[in-house]
Amino acid sequence: MSAWQETLEGTLGQVWSRLGRGVADRRCATRHPTLCSIGLDGVPQARTVVLRGCDPAADMLEMHTDLASAKVAELAADPRASLHVWDPRLKLQMRLSARVEALSGAAVAERWAKVPQGSRRAYGGTPAPGRPLASPEAHDATPSEARFAVLLAAVHVIETLHLGADVHRRARFSRHEGWEGVWLAP
């Protein structure tokens, strides 16, 4: 039997498996991907997010954020985004291209109900994220359900690079009526 990295099917399966593990395991490196969007000024923006959901059947990833954060405005203006994930245990880099939609209000009420009380402080507060403060203590972190947003990333391209001891393997997968993969030069 071949190792996962020796086949396109195994590689794609490993990507979705590791992303799913990142949702379930707080210690898994895939829990904290870097989300990249295009800033309102046209400059690329990158930030670490927490992976909250992974649905391979729908090719969908889920993250949570404050509705007043810059990334929500950026994604509303241009929903194209990418996620970068490095899994040091597998020596696997994953780059995912996606279209991201922000949901809020009644559409996310059931998800809000599941957010632990201590974690709700990340959604709401004054001033809004990214605004100047006189001091670190000058922020009121009162939670606000109205400011809770769910980012849904519809993944359409996945590119991987496995840093193997014998050979590096790079692949690209594109979603059409399913996933089609091709090996690339590393």
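Mentor: Helices (H or I, at least four residues) and strands (E, at least two) are DSSP runs that are numbered from the N terminus. The model is a predicted one, in which local features need pLDDT of at least 70 and side-chain atom pairs count only at pLDDT 80 or more, while totals for chains, interfaces and linings use all residues. Residues are numbered from 1 along each chain as its sequence is written, and side-chain values use heavy atoms, with hydrogens and water left out.

Trainee: Where is Asp-87 placed, and why is Asp-87 called buried?

Mentor: Asp-87 belongs to strand 5, which spans residues 80–87. Buried means under 20% relative accessible area, exposed over 50%, and partly exposed in between (1.4 Å probe, protein chains only). Asp-87 has a relative accessible area of 1%, so it is classed as buried.

Trainee: Which residues is Asp-87 in contact with, leaving aside its neighbours within four places in sequence?

Mentor: With contact taken as heavy atoms within 4.5 Å, Asp-87 meets Arg-18, Ala-29, Thr-30, Leu-92 and Met-94 once those neighbours are set aside. Ala-165, which is 78 residues from Asp-87 in sequence, is 15 Å from it in space, C-alpha to C-alpha.

Trainee: Why does Arg-169 count as buried, and which residues does Arg-169 touch?

Mentor: Arg-169, which sits in strand 10 (residues 168–175), has a relative accessibility of 17%, and therefore counts as buried. Not counting residues up to four places away in sequence, Arg-169 touches Gln-5, Glu-6, Thr-160, Leu-161, His-162 and Trp-183.

Trainee: What makes strand 4 largely enclosed by the rest of the structure?

Mentor: Of the 7 residues in strand 4 (residues 60–66), 6 are buried, and therefore the rest of the structure largely encloses this strand.

Trainee: How many bridges are there between strand 3 and strand 4, and how many join strand 4 to strand 9?

Mentor: Two strands pair if DSSP finds at least two bridges between them. Strand 3 (residues 51–55) and strand 4 have 4 bridges and pair in the antiparallel sense, with Asp-55 standing opposite Met-60 of strand 4. Strand 4 and strand 9 (residues 148–163) also run antiparallel, joined by 7 bridges, and the bridge partner of Leu-61 in strand 9 is Ala-153.

Trainee: How do you know that the buried residues of helix 2 are on the same side?

Mentor: In helix 2 (residues 70–77), the buried residues are Lys-71, Val-72, Glu-74 and Leu-75. They cover an arc of only 165° around the axis, so they lie on the same side of helix 2; that arc is taken over the directions from the helix axis to the C-beta atoms. The face of helix 2 turned away from this buried side carries the exposed residues Ala-76 and Ala-77. Among the elements that the buried residues of helix 2 pack against are strand 1 (34–38), strand 2 (44–48) and strand 6 (92–104).

Trainee: What is the phi of Asp-59, and what is the phi of Lys-91?

Mentor: Most residues other than glycine have a negative phi, and most peptide bonds are trans. Asp-59, in the loop between strand 3 and strand 4, has a positive phi of about 55° although it is not a glycine. Lys-91, in the loop between strand 5 and strand 6, likewise has a positive phi of about 55° without being a glycine. Asp-59 counts as buried because its relative accessibility is 11%, whereas Lys-91, at 43%, counts as partly exposed.

Trainee: Which residues does a cis peptide bond join?

Mentor: The cis bond joins Thr-126 and Pro-127, with omega about -10°, and Pro-127 lies in the loop between strand 7 (124–126) and strand 8 (140–143).
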